[in-house]
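The sequence and the model are shown first.

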Amino acid sequence: MTQGTVDIFSDGACSGNPGPGGWGVLLRYGEHEKRLHGYEVGTTNNRMELMAAIHGLEALKRSCRVVVTTDSTYVQNGITQWLPQWKNRGWLKKDGKPVLNADLWKRLDAVCQKHDIEWRWVRGHTGHEDNETADRLAREAIRLGRGGELPTGEVRTSAE
């Protein structure tokens, strides 16, 4: 049996940068969809973008072919261009300073080793339906978190 591809659409959001943040993920395999979101009290947009991709990939129960679509050039460039160089330099940038968000980059790198992944970038807020869904999930996580309905660090499956 040929295994299909899992599509992951990820997005992060912050209310202030830094500030309260949320991430959202839409996973699709054939006709099946799963929506996840989470909240952090004091974070940055880049951290939320990374958390979205991480949680999307960590939600997969077995190794598979995956297409991850993000509107974050930070995530796209980091995973496809910068990561190998950072690892070779001991998690330092070209200027010798530590890589920002290295904890999350290492976590993303580890989960990527389990899958065959194609990374795609899409311009945000331009009507891409699945990216807009991930964005709504991220913003909803902030709203729920601020209201005390979504505790910090909790991952929730949405019935949207």
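In which helix is the place of arginine 107? Arginine 107 belongs to helix H3; helices (H or I, at least four residues) and strands (E, at least two) are DSSP runs, numbered from the N terminus.

The model is predicted, so local features need pLDDT of at least 70 and side-chain atom pairs count only at pLDDT 80 or more, while totals for chains, interfaces and linings use all residues. Residues are numbered from 1 along each chain as its sequence is written, and side-chain values use heavy atoms, with hydrogens and water left out.

Two packed helices are described by the angle between their axes and the distance between the axes. Here axes are lines fitted to C-alpha atoms, for helices over the stretch in contact, and angles run from 0 to 180 degrees between N-to-C directions. Angles under 35 degrees count as roughly parallel, over 145 as roughly antiparallel, 65 to 115 as roughly perpendicular and the rest as oblique.

Helix H1 (residues 45-58) and helix H3 (residues 102-112) have axes that come within 10 Å and cross at roughly 25 degrees. H1 and H3 are therefore roughly parallel to each other. Their crossing is left-handed, a term used if the near helix is turned anticlockwise from the far one by less than a right angle. On the H1 side the contact (heavy atoms within 4.5 Å) is made by Arg47, Leu50, Met51, Ala53, Ile54, His55, Leu57 and Glu58. On the H3 side it is made by Asp103, Leu104, Trp105, Arg107, Leu108, Val111 and Cys112. By class, the residues of this contact of H1 with H3 are 10 nonpolar, one polar and four charged; Ala, Val, Leu, Ile, Met, Phe, Trp, Tyr, Cys and Pro count as nonpolar, Asp, Glu, Lys and Arg as charged, and the others, Gly among them, as polar.

Arginine 107 is one of the H3 residues in that contact. With a relative accessible area of 31%, arginine 107 is partly exposed; buried means under 20% relative accessible area, exposed over 50%, and partly exposed in between (1.4 Å probe, protein chains only). Leaving aside neighbours within four places in sequence, arginine 107 is in contact with Met51, Ile54, His55 and Glu58. From arginine 107 to isoleucine 54 the C-alpha distance is 7.2 Å, and the two are 53 residues apart in sequence.

The axes of helix H2 (residues 73-88) and H3 come within 11 Å and cross at roughly 90 degrees. H2 and H3 are therefore roughly perpendicular to each other. From H2, the residues Tyr74, Val75, Gly78, Ile79, Leu83, Trp86 and Lys87 meet Trp105, Leu108, Asp109 and Cys112 of H3. This contact of H2 with H3 comprises eight nonpolar, one polar and two charged residues.

Within H3, the buried residues are Ala102, Leu104, Trp105, Leu108, Asp109, Val111 and Cys112. These buried residues of H3 pack against H1, H2 and E5.

| Residue | Relative accessible area |
|---|---|
| Glycine 24 | 0% |
| Threonine 43 | 5% |
| Aspartate 135 | 5% |

Glycine 24 is in strand E2 (residues 19-29). Not counting residues up to four places away in sequence, glycine 24 touches Phe9, Ser10, Asp11, Leu36, His37, Ala52, Ala134, Leu137 and Ala138. The C-alpha atoms of glycine 24 and leucine 36 are separated by 5.7 Å, and the two residues are 12 residues apart along the chain.

Threonine 43 lies in strand E3 (residues 32-43). Beyond its neighbours within four places in sequence, threonine 43 is in contact with Cys14, Asn17, Pro18, Gly19, Pro20, Gly21 and Met48.

Aspartate 135 is in helix H4 (residues 129-146). Its side chain and that of arginine 139 are joined by a polar contact of 2.8 Å; such a contact is a pair of N or O atoms within 3.5 Å, and within protein one must be able to donate a hydrogen and the other to accept it, with residues adjacent in sequence counting only if both atoms are side-chain atoms. Leaving aside neighbours within four places in sequence, aspartate 135 is in contact with Asp11 and His125.

## Backbone features in loops

Proline 18 lies in the loop between strand E1 (5-14) and E2. The peptide bond from asparagine 17 to proline 18 is cis, with omega near 10 degrees.

Asparagine 101 is in the loop between H2 and H3, and its phi is near 60 degrees, a positive value in a residue other than glycine. Asparagine 101 counts as buried, at 16% relative accessibility. Histidine 125, in the loop between strand E5 (116-121) and H4, has phi near 60 degrees, a positive value in a residue other than glycine. Histidine 125 is exposed, with a relative accessible area of 57%.
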